[in-house]
4 protein chains.
Amino acid sequence: MKTTHINVLEEITLNNPIFIEALPGIGHVGKLAADHMIDELGATKFAELYSPFFPPQVFVNEDGTVENMINEFYYLRANGENNRDYIILVGNTQGLSPEGQYELCGIILDFVESYGVKEMYTLGGLATGHAIEKTRVFGAATDIEFIEFLKEAEIEIRSADGGIVGASGLLLGLGKLRSIKGSCLMGETPGYFIDAEAAEAILEKLAILLNIEINTDKLEERAEETRKMISKAQQMEQEMMNKTVGSGEDDLRYIG
Amino acid sequence: MKTTHINVLEEITLNNPIFIEALPGIGHVGKLAADHMIDELGATKFAELYSPFFPPQVFVNEDGTVENMINEFYYLRANGENNRDYIILVGNTQGLSPEGQYELCGIILDFVESYGVKEMYTLGGLATGHAIEKTRVFGAATDIEFIEFLKEAEIEIRSADGGIVGASGLLLGLGKLRSIKGSCLMGETPGYFIDAEAAEAILEKLAILLNIEINTDKLEERAEETRKMISKAQQMEQEMMNKTVGSGEDDLRYIG
Amino acid sequence: MKTTHINVLEEITLNNPIFIEALPGIGHVGKLAADHMIDELGATKFAELYSPFFPPQVFVNEDGTVENMINEFYYLRANGENNRDYIILVGNTQGLSPEGQYELCGIILDFVESYGVKEMYTLGGLATGHAIEKTRVFGAATDIEFIEFLKEAEIEIRSADGGIVGASGLLLGLGKLRSIKGSCLMGETPGYFIDAEAAEAILEKLAILLNIEINTDKLEERAEETRKMISKAQQMEQEMMNKTVGSGEDDLRYIG
Amino acid sequence: MKTTHINVLEEITLNNPIFIEALPGIGHVGKLAADHMIDELGATKFAELYSPFFPPQVFVNEDGTVENMINEFYYLRANGENNRDYIILVGNTQGLSPEGQYELCGIILDFVESYGVKEMYTLGGLATGHAIEKTRVFGAATDIEFIEFLKEAEIEIRSADGGIVGASGLLLGLGKLRSIKGSCLMGETPGYFIDAEAAEAILEKLAILLNIEINTDKLEERAEETRKMISKAQQMEQEMMNKTVGSGEDDLRYIG
């Protein structure tokens, strides 16, 4: 495999879709939120992305079968009042090298733009390194109008106290260059465990922003399941990615 | 040398061949097993692979001559009841970078597929970091039918306790995308020494799975020889690869 | 984004322009000096450069909006006696990998050469690792005539006590191969804080060399502002770059 | 600069030339020996190689002028009895990344082959990490006949106690694939200082092998000069290369 490629499983047309990205990162916050959304709202997988920029490995499932490093695109037909469809991107990994991250984010944006995407949300965690009493959700956005929109939903604005590293940041930045508006929502989390509370906090805010309903009753259950299913290797993997994409070792205030 | 290339030494046609990969990794388990198999069953080298993704160095042989970094393909005519031929891949190194691993595994699969390969075994070690009383062999596979087949041979199924890093994992994963079925067999080993017992354990299981006979009497002798022949540099090399392909520093439960 | 590209915002023609580079480095000395110059002398942005060799991230501004990794070209119409125009390159990052640095510097030189550049100054800091009583400015140059010119301005010549790592050095070196004459000016600085004094020292020498006037009254104010605006992430970023482009860990005598 | 390129300064034809490589490495042994040979025997520079795989930096000379990372080809007309010419490769750096080393060595071999090279010597140091009473010269070679030839010159054969990392090893290995015969000569050296004794020991053996005379009277003087001229940065550089091309941290028995 020399190049990144997307395998389209179902030909679809979408209505002014909103793109939601939640690749693995800090506390698996974004991934947990998006996986729940896919399951709860019944999203359908329509494309798979494989890349030589992913880690050179496989994961082993519960039943002993191997699982490739993959990013997966789901679509969701409109059930919100605004009548718009969704594309949700989840997966078990991100690109490893800086150049790989740029290429992958470019390819992902090309792909979702071909379905008419002009708006996106990227979901992640914001590690604090210490226990959290009441999970806050922080936001950053491509433009000041979007920032105002986030404030209306009582999302705290993350001002100049750090960058957003990895796909959640880069998709937003490269999207901005293509006039795709968007926001990165970050749920506060102590750090390296599967954090259902942070995921729930993000989903609550996302439901407000998208004007849809997302039942989060089963989220803790899902978190528990995820904790069991996510192998040691995946956790090792995440640590490696965190190191690779450039985190400080002593400072956890960044996003994968 | 700008690109990976394969130098074919002998034009051959094979009968529904099974592909066996055993590039260097933890405890040289897979390599030792495959080298023994090649010697014991009289396999013939028919192709060599060189790559700019290998480490930029040579090894020095006992007699002072230098040896390039190389992967070598052997074929073995059918001697099992199932009447199928074999392609065995061995070598003194693996790709260093993630992108290199993806490109190399892709090229290797292209090559063996051109001989009709639809089934593969990748051989490796599973490091425990401590002494082992009775060597177990663990397996993972591309699909659930293959898992059942491994269970029949009393191979333990490795469920969700780690990824498989490097060629042994990636060949299996990328093979799965091409509908090549296969399994990774991992012999338990304390870690960084040439482990004849783990290699023997793997060969015993492989003989069952392939329905062939492999005499392992000379294996300890070969291990001793390998210990002498494998230079300090090669051991340094392995450590470097282990670091490069992303192992945790404190956790040895992964496969090279 | 697979390749580095430059987005030209305004088509201009310049009169025998002098190129000034001040990408982020040690103590933000060069960047602070150039940002001040742009503001004080009223330079106009005319082109933006984006690259997959930049870190895969965005910065977050004071207002919560995201900012891409970017290099920016400004032009300044002649106000010195010598009647020559200027191109000033600033930005929030440099290339990460060695290959990336080479490609970016080549592209930058191609671009400024197309406007007729035959002379350049690269601005940076020279970290001492300890407090400084009176900031000295050191210089290196592409040729011995330029060295003499620097000496006339009482710039100390930096002889054989270290390399110049990163864009400030590489642009000079690659420029030399294209017959672009130039000098790297390095303001002594303790190291990792926003150093207005070093920037002022550089601007004083640059004003002499260019025969222009640059009011530095507001420089300390700007430094303070920069200290506030430059997020923790950017500082982390700089440390990462310093590590990546190859500094010694114990020796701070190099330039980013 | 996107690609490695060679700038030919003088069109020449050579008589069955022998290629000698001595890029920087351990103790600057090979470089010191080759620089001495170039000066003592009056070799002429005829080509320069620049590459994006070199470190992204410049060195600063004694007079304050900057010096690009470079590899330089010299030729020397026959003065030995065997009537053969020489190509000598020296420089201030080697490729940084594994892929870069492969590409550079391939390009170098293409280039010298175009002058008819069928035989080569690569010169380096073999670090012991401790003081040496009588400097030994070790050799490795592409084939067993060459090993015998080395033995006749009382060069010790380096058997299986380590690899040869970097250009000195890789040129030999890749040369072997092209039927260029050759040897790597390694002068024992404590390690990280400019070692005139090791260089002298290598030159003595090389003079025997090439059947030429090389006066080494001025070698210590040159070593002293080199010690002064080689900046701190170059030494930092070398350390970085050593780390990059994969040495063990505690073991110095390898060659740059």
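Predicted model: local features only at pLDDT ≥ 70, side-chain atom pairs only at ≥ 80, totals over all residues.
Between chain C and chain A the count of salt bridges is zero, a salt bridge being a side-chain nitrogen of Lys or Arg within 4 Å of a carboxyl oxygen of Asp or Glu. Residues are numbered from 1 along each chain as its sequence is written, chains are lettered from A in the order in which they are written, and side-chain values use heavy atoms, with hydrogens and water left out.

**Interface of chains C and A**

- Chain C gives 28 residues to the contact and chain A gives 33, where contact means heavy atoms within 4.5 Å.
- About 2500 Å² is buried between the two chains, 63% of it on carbon and sulfur atoms; this is the accessible area (1.4 Å probe) lost on putting the two parts together, summed over both.
- C:Met1, C:Pro56 and C:Val66 supply 25% of the area that chain C buries against chain A, more than any other three residues.

**Strand pairing**

- Strand E11 (residues 163-165) of chain A pairs with E4(C) in the antiparallel sense over three bridges, and within E4(C) the bridge partner of A:Gly163 is C:Phe59; strands are DSSP runs of at least two residues (E), numbered from the N terminus, and two of them pair if DSSP finds at least two bridges between them.
- In chain A, nine strands form an open sheet of mixed pairing in the order E1-E3-E6-E7-E2-E8-E12-E9-E10.
- Strand E1 (5-8) and strand E10 (156-157) of chain A stand at the edges with a single partner strand each, so one side of each is left without a neighbour in the sheet.

**Positive phi angles**

- Most residues other than glycine have a negative phi.
- B:Asn16, in the loop between strand E1 (5-8) and strand E2 (18-21) of chain B, has a positive phi of about 45°, and its relative accessibility of 36% makes it partly exposed, that is, between buried (under 20%) and exposed (over 50%) with a 1.4 Å probe and protein chains only.
- D:Asn211 has a positive phi of about 60° and is partly exposed at 40%.

Conventions
Helix = DSSP H or I, 4+ residues; strand = E, 2+ residues; numbered from the N terminus.
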